[in-house]
Amino acid sequence: MVRIAHISDSHLGKTLFQLVERKDDVRQCLKKAIDMAMRKSPDILVHTGDLFENPLPSMEDLTFAMDLFKSIQDKVEVFLVHGNHDIPYGYRHIQSPISALESAGVVKSTGNDHYKAHKIDIDGRKIEVHLFSWTRDKLFERKLNSIVPQTDPAFLFAHHIPVKKERLPIHFNYYGCGHAHSFWLDEEYDIGRPGSTCYVNWSKEVGGKKKLIVVDSDSQGNEYSTENLNDVREFKFPQAKITGMGPDEANSYLQGMISKLSPKKDGAIVIVRVDGIIDSETENGLDRIKILQHAENQLNSLFVHVEPNWICYGPREIKLKQPLNIEASIRDYIEQTDEEGLDDLLDLVGRITGE
Ligand SMILES: [Mn+2]
């Protein structure tokens, strides 16, 4: 039996809302994922790309990755592929920070090409690990259809698999990929995606899960087990609906909703997604600063964000009872908009019309 631990998309260097605290969070999320993987005593550990957010990572992130993979190199075979974020300027260059890790001998990857097959020995048994770094879909497909592994089991890992699962060759025992940041596993087709090790683009990842995938593979087939990978930072994503509310009602509703959140830890990131249909009076009357201050006082959070997803239907229609009567129309307007200065306006109209 061969045991594989599969993780992906760590995006070292990625921040959210320019919060510097996230840089360390992201490193700790990767460390946590690797610690969790190592507790399963895998034969192979695979990271399917986007290890870095940027092809020119900070020295701190590069050193962190180097030390982390070095610390496990005697215990497990580590394979890495280059994701689209690791590679500079699209497809033509394959030099990336992952090349540095490979040159240092702490991981195995695809060298200076987009594809490489590795043959390794596990408990006296030869197995093949086929790796695809980020490349054009056509190149991937052509290559995929031309390779035939010589061992059973054999495994294929790519940052992205741009081929329908029904059209994948059957001679690989497991297909592992990354790229999208939420967990997905199809046990019938033996294809899995763990999701990212941390929150990278929160709006695309709300509701999805991130996991470690463990595959036990032998000639009988695969057995899968998974473990949740939670971000080291607590995230709260409350959703508010303010359809039809006036400004006061919306403000107190949002504050009330925030008061009811109870983060387990200090320093949470709270993202309040507000939707619904409102008019421009409510939109203009939403006191975001007050809502944010209220949240920060109540929650001891690191950061609170109010995401405006509402639809605004412009100003409310004003009904004029006697459209040809200027004074009556001014009264209707003031009454329906709650604006001030009725006497001044009437006075002004009086002076203009000479009445
Ligand atoms: Mn990614």
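**Briefing: cores, cavity and backbone features of a predicted model**

Thr 282 lies in helix α7, which spans residues 280-285; helices here are DSSP runs of H or I with at least four residues, strands are DSSP runs of E with at least two, and both are numbered from the N terminus. The model is predicted, so that local features need pLDDT of at least 70 and side-chain atom pairs count only at pLDDT 80 or more, whereas totals for chains, interfaces and linings use all residues. Residues are numbered from 1 along each chain as its sequence is written, and side-chain values use heavy atoms, with hydrogens and water left out.

**Surroundings of Thr 282**

- Thr 282 counts as buried at 0% relative accessibility, where buried means under 20% relative accessible area, exposed means over 50% and partly exposed means in between, with a 1.4 Å probe and protein chains only.
- Leaving aside neighbours within four places in sequence, Thr 282 is in contact with Met 245, Gly 246, Pro 247 and Ala 250, a contact being heavy atoms within 4.5 Å.

**Nonpolar cores**

- The largest nonpolar core has 32 residues, and those with the most contacts inside it are Ile 34, Leu 51, Phe 69 and Leu 101; such a core is a set of buried Ala, Val, Leu, Ile, Met, Phe, Trp, Tyr and Cys residues joined through side-chain atoms within 4.5 Å.
- Two or more residues of this core come from each of β1 (2-7), α1 (21-38), α2 (59-72), β3 (77-80), α3 (97-103) and β10 (211-218), with α1 giving the most, namely eight residues.
- Not counting residues up to four places away in sequence, Leu 51 touches Ser 10, His 11, Leu 12, Leu 30, Ala 65, Phe 69, Leu 80, Asp 86, Ile 98 and Leu 101.
- A second, separate core of 20 residues includes Ala 240, Ala 250, Ile 258 and Val 274.

- A search of the whole structure finds one cavity of 30 Å³ or more, a cavity being a set of points, on a 1 Å grid over the protein atoms alone, where a 1.4 Å probe fits but cannot get out.
- The largest cavity holds about 60 Å³ of space, where grid points are joined across faces, edges and corners and the volume is the space filled by probe spheres set on the points.
- Its lining, made of residues with an atom within 4 Å of a point, consists of Phe 132, Ser 133, Trp 134, Thr 135, Asp 137, Phe 140, Ala 158, His 159, His 160 and Pro 162.
- By class, this lining has five nonpolar, four polar and one charged residues; Ala, Val, Leu, Ile, Met, Phe, Trp, Tyr, Cys and Pro count as nonpolar, Asp, Glu, Lys and Arg as charged, and the others, Gly among them, as polar.

**Cysteines**

- The structure holds zero disulfides, a disulfide being a pair of cysteine sulfur atoms within 2.5 Å.
- Cys 29 is in no disulfide, and the nearest cysteine sulfur, that of Cys 198, is 5.1 Å away.
- Cys 29 is buried, with a relative accessible area of 2%, and Cys 198 likewise counts as buried, at 0% relative accessibility.

**Backbone geometry**

- Most residues other than glycine have a negative phi, and most peptide bonds are trans.
- A cis peptide bond, with omega of about 10 degrees, joins Asp 152 and Pro 153, and Pro 153 is found in the loop between α4 (137-146) and β6 (154-158).
- His 11, although not a glycine, has a positive phi of about 50 degrees; His 11 is found in the loop between β1 and α1 and counts as buried at 1% relative accessibility.
- Phe 17, also not a glycine, has a positive phi of about 50 degrees; Phe 17 lies in the loop between β1 and α1 and counts as partly exposed at 27% relative accessibility.

Definitions and conventions: 1 Å grid on protein atoms, 1.4 Å probe; cavity = no way out; pocket = protein on both sides within 12 Å on 5 of 7 lines; lining within 4 Å.
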